[in-house]
Amino acid sequence: AKLSPAAIAGLRNAMLAAIPVVLVLQGLLAPAVYRAVLRPSAKRFGYLRLGREELRVFLVYVGLAAVSVTFNLLSAGLETLVGQALGMFGAALVSLVMFAVSIVITVRLSMVAPITFVRGRISFAEGWRVSKGWFWPLLGITVLSLTLALIVTILLVLIGWPLQAVVVAAAGAANPLALGRSPFVLLP
């Protein structure tokens, strides 16, 4: 089943609306995690704060998002050009190569936010340098953490689904409209 243009536009708009929320959450939660690991004695309200460190890490994530969006736009344009010139096989090959390059860039830039937190200044170049020679361990920890996050998400859905069904059923039973009567009708 193919999505309608309206559905595609709706998904795109929802993604665009979620980007700022995700960036703000990352800008707040990542420094809290770094603080918990690097400065365990600085415990206050779960290591959450709102200050310069959070602003710097937020700006790093905005920069990384800009790099990602730019790379994805360039990749899509290149895939289209190659697809027109060489057909579907050429576009698929370019897509695989660009996917591999995006993984390399993502892993190499993964140390920018922690370096920014530790050094107290934004440095994409230093984050790139620090990750040199650590590609495979960083990729492994990323895959491992994403796998664990997926498992936790699945468990939350499995727990939340029945609870949501119970709440909806209970709310439906308490709803006079669900019983066929309107609360606005005064006659029995």
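## A walk through the model

Start by selecting R121 and E126: a salt bridge joins them, with the closest N and O atoms 3.4 Å apart. (A salt bridge is a side-chain nitrogen of Lys or Arg within 4 Å of a carboxyl oxygen of Asp or Glu.) R121 is partly exposed at 44% relative accessibility, whereas E126 is buried at 10%. Here buried means under 20% relative accessible area, exposed over 50%, and partly exposed in between, with a 1.4 Å probe and protein chains only.

This is a predicted model, where local features need pLDDT of at least 70, side-chain atom pairs count only at pLDDT 80 or more, and totals for chains, interfaces and linings use all residues. Residues are numbered from 1 along each chain as its sequence is written, and side-chain values use heavy atoms, leaving out hydrogens and water.

Next, select R35, R39, E53 and E54, which a network of salt bridges links. E53 pairs with R35, the closest N and O atoms being 2.7 Å apart. That pair links distant parts of the chain, with E53 in helix 2 (residues 52-86) and R35 in helix 1 (residues 5-38). (Helices are DSSP runs of H or I, at least four residues, and strands are runs of E, at least two, numbered from the N terminus.) Both E53 and R35 are buried. E53 also forms a salt bridge with R39, at 3.0 Å between the closest N and O atoms.

Now color helix 3, residues 88-108. Which residues of helix 3 are buried? They are G90, V94, M98, S102, V107 and R108.

Finish in helix 6 (residues 135-174) at L163, which is exposed, with a relative accessible area of 53%.

Conventions: Expected span 1.5 Å × (residues − 1).
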